Amino acid sequence: MKLLRSVDELRAYSDAERAAGRRIALVPTMGALHAGHLSLVAEGHRHADTVVVTIFVNPTQFAPGEDFDAYPRGLEADLAQCRAAGVAAVFAPPPDEMYPDGPEGGKTWVAVEDITAPLCGASRPTFFRGVATVVTKLLVVARPDVAVFGEKDYQQLQVVKRLARDLLLGVEILGAPIHREEDGLAMSSRNVYLDAGMRAEALVLSRALDAAEAAVRHGERSRDALLERATKEIATASHAAIDYVELRDPESLEPVGGTLEGPALLALAVHFPQRVGADEVVRLIDNRVLRPGV
Ligand code: AMP
């Protein structure tokens, strides 16, 4: 497995793979890899000959006061996981490779309109600008045939699909299902911030999705009733503070009407303290597409 540190190395590596007739899958990550990330690698292997993982904690998607400095980092362990998963190359650049003029020094940003406004965009107003810009840079340099993103970050996946289409990048963006712990908690690099008590409380996210899905299965079609069902479940965790609980169109991310008439995305973002009494909070997201009639 190759470790690529510079943009020039990534470009040269990809060019050579392409020249050899091999299809490339790119899997962008921020590292602290877990089984969810490895499921994206597996999806990459299903669609390409060469899987390239990128590991970069992207400063421009963190707002001041967010967890950029504290974000878990562990390159050696990440590389071992990639090697075991058959990854051909890891691109792990220092920040000045991606931002030669400093994180805020560039003059060009990728702004995806409308679908970045609600949900995570509402509480993290500069987040998608940072994500869209760094993902565009990675796609432009590596020019993969496919790139794989997790449905865990559902809105991000839609944003990346949209920018690839609008900017004619010629890359197929693939979504991979949410990978969960056995007890239902969606895997996330941020789960390590939670102590055992808060981790147990965090199970309310997947339970809220299960409850709403069960209600739909039993015939519930009222948006408000479904939102209330999910909200009630989250409220059973005494330290949970809801950022959003919303039902939206799975593609346009527009709000759904009062009655579900087709698939609807139930999206959640909830804050927990790292432990009882801690000032530091952890923001967890989760989602599921509810499908009336299934
Ligand atoms: P991150 O390192 O958290 O930025 O995530 C990198 C990629 O892995 C993104 O496309 C995420 O959506 C995806 N991902 C993170 N957690 C999961 C999970 N539990 N299941 C599936 N994909 C995930």
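Trainee: Which elements each supply at least two residues of the lining of the second largest pocket?
Mentor: Helix 7 (154–166) and strand 9 (281–290) do, with helices (H or I, at least four residues) and strands (E, at least two) taken as DSSP runs numbered from the N terminus. A pocket here is an open set of points on a 1 Å grid over the protein atoms alone, with protein on both sides within 12 Å along at least five of seven lines, and lining residues have an atom within 4 Å of a point. This is a predicted model, in which local features need pLDDT of at least 70 and side-chain atom pairs 80 or more, while totals for chains, interfaces and linings use all residues. Residues are numbered from 1 along each chain as its sequence is written, and side-chain values use heavy atoms, without hydrogens or water.

Trainee: And which element gives the most to that lining?
Mentor: Helix 7, with 4 residues; the lining has 15 residues, and Glu151, Tyr154, Asn287, Val289 and Arg291 lie nearest the pocket's centre.

Trainee: Where does the second largest pocket lie relative to the domains?
Mentor: Domain 1 (2–176) and domain 2 (192–290) both contribute lining residues, so the pocket lies between them; the bounds come from an automatic or database domain assignment.

Trainee: What lies 2.6 Å from an oxygen atom of the ligand?
Mentor: That is an N or O atom in the side chain of Asp153, whereas for Met187 a backbone N or O atom lies 2.8 Å from a ligand nitrogen.

Trainee: How much of the ligand does the protein bury?
Mentor: Taken alone the ligand exposes 480 Å², and the protein buries 93% of that, by the Shrake-Rupley method with a 1.4 Å probe.

Methods:
1 Å grid on protein atoms, 1.4 Å probe; cavity = no way out; pocket = protein on both sides within 12 Å on 5 of 7 lines; lining within 4 Å. Polar contact = N/O pair within 3.5 Å; in protein donor to acceptor, adjacent residues only side chain to side chain.
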